[in-house]
Amino acid sequence: MNRSAENLPWIEKYRPQTLDDVYGQREIVGTVRKFVKEGRLPHLLFYGPPGTGKTSMIVALSREIYGTNYRNMVLELNASDDRGIDVVRNQIKEFASTRQIFSKGFKLIILDEADAMTNAAQNALRRIIEKYTKNTRFCILANYAHKLTPALLSRCTRFRFQPLPTDAIEKRVNKVLILENLKLSREAFTALLRLSKGDMRRALNVLQASKATLDDPDAEVTEDTIYECIGAPHPQDIETALESMLKDDWSTAFFTVNKIRTLKGLALIDLVEGIVETLEGYELKPETRVELLCKLSDIEYAMSKGGNDKVQSSAVIGVVKSSFELEA
Ligand SMILES: Nc1ncnc2c1ncn2[C@@H]1O[C@H](COP(=O)(O)OP(=O)(O)O)[C@@H](O)[C@H]1O
Ligand SMILES: [Mg+2]
């Protein structure tokens with residue numbers, strides 16, 4: 001690894017170089033490779049949650065198809081760059097209409113984050129796609145298919161990227177741990193896999209952040225560090241907060257909750273999410289559960305609209321206290 005690679009974020013440093021480095025997406029890799037082999041590549045749409053390998057896969061696939069000719073044959077555009085469809089149109093026009101002197105076959109245009117485009121821009125894009133289909137293939141990448149216009153959807157063969165299975169993340173993370181000479185405790189590893197929720201980008205970012213917190217590079221990353229780096233509350237802290245809300249008087253509970261939040265640097269919204277997750281493991285009367293979840297969801301909504309922190313955290317305590325009265 002050269003020096004400049006040392007300074008790269010790990011998500012770039014460990015970006016898959018070939019299709020074989022793209023984990024957990026065997027079926028899609030297989031189908032797309034087959035299209036290429038049979039020389040009938042359609043326009044493609046890759047959609048699904050972030051960090052599942054959409055960009056990595058199309059870049060690796062293009063490398064496989066074009067090899068050293070990649071630069072001449074592939075145009076990568078990011079639709080969320082704030083430049084408007086006219087700029088995109090001109091770039092595509094210029095790229096698609098230059099003659100291919102050295103090679104046969106299709107040119108490929110990758111349009112990343114296409115669901116950030118307005119409907120008008122998508123309609124313009126549809127016409128562009130039609131115009132250049134003769135010698136060009138498009139690969140559209142998006143998080144949500146429902147944000148794309150039907151006209152655009154109907155012109156592409158769709159592939160849905162699922163959140164990555166735990167074992168795919170586990171294998172990739174294990175490789176990185178060896179290459180980075182980094183050690184994780186068993187609990188830390190389990191927490192990392194669980195908290196990544198199928199998002200490899202998140203897993204790698206958290207790993208890199210947790211390495212940076214180590215004073216001694218040979219030390220093990222602990223479970224606490226993983227929770228801190230991901231900004232998620234530790235289940236034990238949620239238990240402590242809940243217990244205080246249930247057993248202590250109001251002021252003590254308020255004090256305890258705030259202390260935990262300050263010490264652990266938790267946003268109220270993380271705490272609410274943590275409580276909801278922890279409650280899944282509690283045995284409760286149905287009415288209690290319904291009451292709690294409805295009211296907590298109101299608080300979450302209020303927070304997302306910019307509700308006052310102190311008022312909302314008081315509300316959390318109030319909701320927990322009053323809902324649990326239904327248990328009695
Ligand atoms: N399926 C995967 N296999 C291996 N690495 C992956 C995978 N998905 C994501 N990554 C890692 O996460 C980073 C971001 O992936 P990316 O392909 O940009 O995701 P997306 O485009 O789906 O948001 C990549 O650089 C790579 O390191
Ligand atoms: Mg991407």
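Which elements cover the buried residues of α12? I began with that, keeping in mind that this is a predicted model, where local features need pLDDT of at least 70, side-chain atom pairs count only at pLDDT 80 or more, and totals for chains, interfaces and linings use all residues. Residues are numbered from 1 along each chain as its sequence is written, and side-chain values use heavy atoms, with hydrogens and water left out.

**Entry: helix α12.** I found that the cover includes α10 (186-196), α11 (200-212), β7 (220-221) and α13 (235-247); contact here means heavy atoms within 4.5 Å. Helices (H or I, at least four residues) and strands (E, at least two) are DSSP runs, numbered from the N terminus. Within α12 (residues 223-230), I noted Thr225, Ile226 and Tyr227 as buried. Buried means under 20% relative accessible area, exposed over 50%, and partly exposed in between (1.4 Å probe, protein chains only). Just past α12, Gly231 has a positive phi of about 70 degrees.

**Entry: salt bridges.** I counted a salt bridge when a side-chain nitrogen of Lys or Arg is within 4 Å of a carboxyl oxygen of Asp or Glu. The count comes to 12. I looked up Glu64 and Arg33, whose closest N and O atoms are 2.9 Å apart. Glu64 lies in α4 (residues 54-66) and Arg33 in α3 (residues 26-37), so this pair ties together parts 31 residues apart in sequence. Glu64 is partly exposed at 43%, and Arg33 is partly exposed at 30%.

Next I checked Lys295 and Glu291, which meet in a salt bridge at 2.6 Å, N to O. Both lie in α16 (residues 286-304), four residues apart, about one turn of the helix. Last, I noted a salt-bridge network linking Lys13, Glu180 and Lys211.

Notes:
Chains are lettered from A and ligands numbered from 1 in the order in which they are written.
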